[in-house]
Amino acid sequence: MASRTKPIISEEIEIVRTTRLGEATIPSPLQRSSGASDGYPHFVPDDTFIQHHVHVQLNEPPRPQRLFEKAGPREKIFFPPATTRAAIVTCGGLCPGLNNVIRSVFLELHMNYGVPEILGIRYGYQGMNPQVGLPPVKLTMEMVEDIHEEGGTILGSSRGNQEPKVMVDFLQQQGINILFCVGGDGTQRGTHQIAQEVEARGLKIAVVGIPKTIDNDIEFCDRTFGFTTAIEEAERCIDCAHSEAKGARNGIGLVKLMGREAGFIAAGATLASQEVNFTLVPEVPFALEGEHGFLAALRERINKRQHAVIVVAEGAGQNLFISSEDGCDASGNKKLQDIGLLLKQEIADYFSRLGPKVEIKYIDPSYVIRSVPANCEDDILCDQYGRRAAHAAMSGATDALIAHIHGTFIHVPLEMSVNTKRRMDPEGELWASVLSATGQQRKFE
């Protein structure tokens, strides 16, 4: 039976353990990959943990401390490599680094562990339902050799889930022992459902999630792959918007960036560019009209400097719409109204009434940013995510997400991760830095 434990040592310390398929008794073949006597590279003991919070307030009562398992290669593994069959599926929207992750998972399993066969599931969870999907493909060295230089995913992707029972039937029919699910919170909810169905059937199949969200909003994870590439590409767009704004009399550059419920990309790109005058994010509601509203502040800026640059996250200002979108998209995300187009129209109407005459340059680079190859920083991060996912699965960890905190990697039970989303703190250091860089007032109300 799977081992599902999360013991509390005391009122102050909580140890979070991931589910295990059983005792790991097989010596890891990674010992052959290093001449060092202590193994390759350094095995992580099962009793090694990473603190969730590292800040301490000396004048306040200590808060309960949560400890997560440290990710990395184990000295003993659960699956015998020679008879193990793995599969990788990529789901949701595109994100820089997807191909890198596929490649690194394959290389770690095939070249280092000696797993003979790794399958690629086609077009997301659709590929795990034979009634609607295409058959999986067998990944080879030739297929993955250069894919890290390309954007997108060679496996294809799709939004939406399939019936967990159907997907687990597929795993059994294909003889798959390990499944890696690369995707955001909607994908990981599906990953958790697959793991639950696997456990209900008493199967020895490891299900491991790798977080893919360009918005960087996965809980218990301070950096997801593709995020720094997105900021880098967004910065270029902002700089172009700045040139356009300065090139016109009373020019306004308006850039809409990703960020459904979290403004990390908008904030990061603002700080990277240093040419933004107003940044609008989902975590900080704002008013358009009124003496202290956004439009009045924008008009003041135009009258003083004759140009302005605005960055707005896609999920900002949803309260400004008379009616909200009904329902959710295929990934389970609430449908959003287009704040970029609303702002463009509201700005045009406002300055048409009160003057001066302005020229608005509207840029929405979302699909361009999502589809580019990963930059060098994300290249490294993708490799680390992929290889640690392989280590976790081979050791028998399941129903787990690989996450990154405090410069290292951890195992997070999927049930914990999918219940909440990470948000930017409006009272935190990041938003304070944005306010300093833009010079905008703290609230538009």
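Predicted model: local features only at pLDDT ≥ 70, side-chain atom pairs only at ≥ 80, totals over all residues.
1. Buried means under 20% relative accessible area, exposed means over 50%, and partly exposed is in between, with a 1.4 Å probe and protein chains only. Residues are numbered from 1 along each chain as its sequence is written, and side-chain values use heavy atoms, with hydrogens and water left out.

2. Where does His 391 lie? It lies in helix α10; helices here are DSSP runs of H or I with at least four residues, strands are runs of E with at least two, and both are numbered from the N terminus. Leaving aside residues up to four places away in sequence, His 391 touches Leu 30, Gly 72, Pro 73, Glu 108 and Tyr 113. Contact is taken as heavy atoms within 4.5 Å.

3. Now the helix pair around that residue. Helix α1 (residues 98-113) packs on α10 (residues 376-394) at an angle of about 45°, and the axes are 8 Å apart. Axes are lines fitted to C-alpha atoms, for helices over the stretch in contact, and angles run from 0 to 180 degrees between N-to-C directions. The angle makes α1 oblique to α10: under 35 degrees would be roughly parallel, over 145 roughly antiparallel, 65 to 115 roughly perpendicular, and the rest is oblique. On the α1 side the contacts include Asn 100, Val 101, Glu 108 and Tyr 113, and on the α10 side they include Asp 379, Arg 387, His 391 and Met 394.

4. Strand β18 (residues 408-413) is mostly covered, with six of its six residues buried. Which residues point which way from β18? Thr 408, Ile 410 and Val 412 go one way, Phe 409, His 411 and Pro 413 go the other, and all are buried.

5. β18 has antiparallel pairings to look at. With β17 (residues 400-405) there are six bridges, and Leu 401 stands opposite Val 412. With β5 (residues 65-70) there are two bridges, and Glu 69 stands opposite His 411. Pairing requires at least two bridges found by DSSP between the strands. β17 and β18 also form a hairpin with two residues between them, and His 406 in the turn has a positive phi of about 55°.

6. There is also an open sheet of four strands, ordered β13-β14-β12-β15, with parallel pairing. β13 (278-280) and β15 (359-363) are at the edges with a single partner strand each, so one side of each lacks a neighbour in the sheet. Neighbouring strands are turned by 15° against each other on average, direction ignored. β13 pairs with β14 (residues 307-313) over three bridges, and Leu 280 has Val 312 in β14 as its bridge partner.

7. Helix α12 (residues 429-438) has Trp 431, Val 434, Leu 435 and Thr 438 buried. These cover an arc of only 95° around the axis, so they sit on the same side of α12; the arc is that of the directions from the helix axis to the C-beta atoms. The buried residues pack against α6 (264-273) and β13. Glu 429 and Ser 436 are exposed on the face turned away from the buried side. After α12 comes Gly 439, with a positive phi near 80°.
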